[in-house]
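Try each task before you read its solution.

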Amino acid sequence: KYTLLNHPRMREEGVSFFLWTLLPPDQKVNFGDTGSRVIRSSSTFNTLAEETQSSEAAWYAKEICGDSRRQSFWDIIFPATTVEPALPEMKSRHFRSIDYVVMRSSFTDLETVTLVCKAGRHSDPHHGHLDCGDWGVHWRGESYIRGIGNIPYDEKCFDDVRWTYPQAGSQGQNVIFVNGERQIPGKWRGQPMDESVGGDVLEYRYGEDREYVLMDGTNAYPRQELKGWRRHLILDKPVVTVVLDEIESAKGALIESRIHPIGDVEVPDNNAYLLLKGESGMMALIAVAENPVRYVPDSHAYLPIQKDARLRRIPYVDTELTASGAKTTIATIVVPVADESEARAVSQSVKRTVDRDGALTLSFTARSQTHEYRYERSDDGLVLAR
């Protein structure tokens with residue numbers, strides 16, 4: 001009498017999360033427990049497409065599952081769909097209930113960048129991760145920046161000790177630290193839930209040429225050292241990423257902006273930028289602030305409580321600076337480069353200006369094109385000018 005295939009949400013959004021979290025050609029957004037491997041079940045997606053007449057489900061069944069992977073006996077019972085496959089016109093999406101945002105120019109073009117970020121609540125004590133503000137960059141079929149993923153199950157990964165593991169605690173995410181203060185969970189064992197712990201996407205702007213996210217992650221922290229934090233993320237299509245952090249803290253505080261590179265990372269002698277090296281290309285990361293910054297490579301030591309476990313070193317890089325006042329801004333630029341000389345040229349072209357009214361303008365030149373971003377001052381902080 002009842003089938004979930006007739007549920008309105010299933011008919012309208014049956015493959016939305018699978019499709020919009022896709023990282024071309026065959027990975028998916030990897031926040032927390034999700035993992036980076038795409039889900040391939042041709043019988044499931046063919047059935048979904050056929051029963052709901054979804055062209056998006058048909059595209060996923062054909063392009064991601066594919067005829068070459070039709071090895072299950074269920075594919076005899078649920079054969080390939082007859083629905084014509086098609087991709088949605090809107091390529092990016094903000095999943096509002098969990099505050100994931102995935103920004104892209106294309107579902108299939110490997111030469112374009114996919115920029116992902118998240119805010120959200122810290123109310124899950126079992127599978128949750130303290131990753132409010134985490135972000136990642138995917139290009140040419142591989143991730144250059146992302147969080148370090150889920151925890152291999154062991155004796156302690158489901159009690160309060162889990163937050164000391166780099167995979168679950170904020171120390172293993174691409175977020176901000178002030179004097180080492182970490183993010184906190186909204187639920188401790190034996191304590192009531194605090195739904196206020198976490199962060200929110202305050203604004204998301206979709207556009208064919210540029211996309212913008214503004215989030216506030218202040219309430220993800222105890223707020224003893226970090227007094228306020230707003231993170232702005234821009235995908236300037238097709239390949240330029242700009243992240244701007246507004247941090248409130250005491251004067252003289254040590255501020256760290258952390259990234260976890262997936263490939264090799266190199267800090268040139270001039271300390272002007274980072275080189276992120278993948279298997280198919282190279283990206284430059286350039287941090288810009290009022291005060292000098294320094295790039296500090298380090299690693300997490302991780303040893304699960306498992307038989308025959310081995311100590312792992314999980315690398316990360318902190319961009320560090322000392323706060324000269326109560327408010328600090330750090331801009332992070334990530335662009336593809338051919339070599340170190342191109343990375344140096346981009347870093348030398350960067351300009352940062354602050355007007356009398358507090359508006360901030362950032363500009364640089366990459367691939368013979370000048371990029372400029374103006375953030376205007378509001379009562380709550382900076383906002384990207386329209």
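**Exercise 1: One serine in its place**

Ser347 is part of helix α6, which covers residues 340-349. Helices here are DSSP runs of H or I with at least four residues, strands are E runs of at least two, and both are numbered from the N terminus. The model is predicted: local features need pLDDT of at least 70, side-chain atom pairs need pLDDT 80 or more, and totals for chains, interfaces and linings use all residues. Residues are numbered from 1 along each chain as its sequence is written, and side-chain values use heavy atoms, without hydrogens and water.

Task: Decide whether Ser347 is buried or exposed.

Solution. Step one: take the cut-offs. Buried means under 20% relative accessible area, exposed over 50%, partly exposed in between (1.4 Å probe, protein chains only). Step two: read the value. Ser347 has a relative accessible area of 14%, so it is buried.

Task: Find which residues Ser347 is in contact with, leaving aside neighbours within four places in sequence.

Solution. Contact means heavy atoms within 4.5 Å. Ser347 then touches Ala272, Tyr273 and Ile286.

**Exercise 2: The whole chain**

Task: Count the helices and strands of the protein chain, then judge how compact the chain is.

Solution. Step one: there are six helices and 24 strands. Step two: the radius of gyration, taken over C-alpha atoms, is 22 Å, close to the 21 Å of the globule rule (2.2 Å times the number of residues to the power 0.38) for 386 residues, so the chain is as compact as a globular protein of that length.

Task: Find what share of the residues is buried.

Solution. Of the 386 residues, 54% count as buried.
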